[in-house]
Amino acid sequence: MVPKKLWSLGCALLLLAACGAPENRWRERIAAASAAPCVMTGTLTLEGALEPMGLTVTRQGDGLTIELTAPPELAGLRVDFAEETARLEHRGLVMNLPEGELPEQSVFTALKNLLSQLPEPEPTLTRRGTQLVQTGHAGLSPYAILWNEKEMKMEQINLPGAGAVITITDFIIV
């Protein structure tokens, strides 16, 4: 027969271990999804913009490509980040810039900094309904990412320093 005090201690330890387990699983799943090569499509809403922009983001290894797909005036604008350079392309115009030449407040720079620094060692995670909210800083820029808890897919990226909200309609790990 187990003494009453030992039984109580065992139950308390089991309860504590069970309480921490979901957050650890969330962190592991977010870290895996954040580090994986992926393709995201969605809409980019900027403060002061007349309309949202269509957006496709592709991350493969150390490379990141951001391409606008709408509105028609901006469709095809593409920024490729690779090895300390940024290559901008739009309607036949090509510019190769050292990475530091893009403004730090640019939504492209903020998104690149965020996606290249994930997974962060200890992001702040909170649960909101069926979503997990990951918050932190990428460089000097604060961010918040909304994850679908069940599918572990990004649903929204908020970059308040760049005045941007990206609503993700498709998140595919390749």
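**Entry 1: largest cavity**

I sorted the lining of the largest cavity by class and got seven nonpolar, two polar and no charged residues. My classes put Ala, Val, Leu, Ile, Met, Phe, Trp, Tyr, Cys and Pro under nonpolar, Asp, Glu, Lys and Arg under charged, and the others, Gly among them, under polar. This is a predicted model, in which local features need pLDDT of at least 70, side-chain atom pairs count only at pLDDT 80 or more, and totals for chains, interfaces and linings use all residues. Residues are numbered from 1 along each chain as its sequence is written, and side-chain values use heavy atoms, with hydrogens and water left out.

I listed the lining of the largest cavity: M40, T41, G42, L55, V57, L111, I157, I166 and I168. A cavity here is a set of points, on a 1 Å grid over the protein atoms alone, where a 1.4 Å probe fits but cannot get out; a lining residue has an atom within 4 Å of a point. The space in this cavity comes to about 40 Å³. Volume is the space filled by probe spheres set on the points, with grid points joined across faces, edges and corners.

Which elements supply at least two residues each to this lining? I found strand 1 (38-46), strand 2 and strand 11 (164-173). Strand 1 has the largest share, three residues. Helices (H or I, at least four residues) and strands (E, at least two) are DSSP runs, numbered from the N terminus.

**Entry 2: second largest cavity**

I counted two cavities of 30 Å³ or more in the structure. By class I get seven nonpolar, no polar and no charged residues. Helix 2 gives the most to this lining, with three residues.

**Entry 3: largest pocket**

Next I looked up the largest pocket, with about 300 Å³ of space. A pocket is an open set of points with protein on both sides within 12 Å along at least five of seven lines. I count 19 lining residues, and G61, D62, G63, K112 and S116 lie nearest the centre. Helix 1 (4-35), strand 2 (53-60), strand 3, strand 4 and helix 2 (107-117) each give two or more residues to the lining. Helix 2 gives the most, three residues. The lining divides into eight nonpolar, five polar and six charged residues.

**Entry 4: nonpolar core**

The largest nonpolar core has 39 residues. I define such a core as buried Ala, Val, Leu, Ile, Met, Phe, Trp, Tyr and Cys residues joined through side-chain atoms within 4.5 Å. Buried means under 20% relative accessible area, exposed over 50%, partly exposed in between (1.4 Å probe, protein chains only). M40, M154, I157 and L159 touch the most other members. Helix 2 gives the most to this core, with six residues.

What does L159 touch, leaving out residues up to four places away in sequence? I noted V107, A110, L111, L114, P142, Y143, A164 and I166. Contact means heavy atoms within 4.5 Å.

**Entry 5: salt bridges**

How many salt bridges does the structure hold? I found four. The test is a side-chain nitrogen of Lys or Arg within 4 Å of a carboxyl oxygen of Asp or Glu.

R78 and E67 meet at 3.6 Å, N to O. This pair links distant parts of the chain, eleven residues apart: R78 is in strand 4 (residues 78-82) and E67 in strand 3 (residues 63-70). I have R78 as partly exposed at 29% and E67 as partly exposed at 27%.

R78 also bridges to D80, with the closest N and O atoms 3.0 Å apart. D80 is buried, at 16% relative accessible area.

R127 and E149 form another bridge, at 3.0 Å, N to O. R127 sits in strand 7 (residues 124-128), and E149 in the loop between strand 9 (141-148) and strand 10 (153-159), 22 residues apart. R127 is exposed at 52%, while E149 is buried at 15%. I also noted that shared partners join E67, R78 and D80 into one network.

**Entry 6: L93**

Last, I checked L93 in strand 6 (residues 93-98). Is L93 buried or exposed? I read 53% relative accessibility, so L93 counts as exposed. Its C-alpha atom is 9.7 Å from that of L77, 16 residues apart along the chain.
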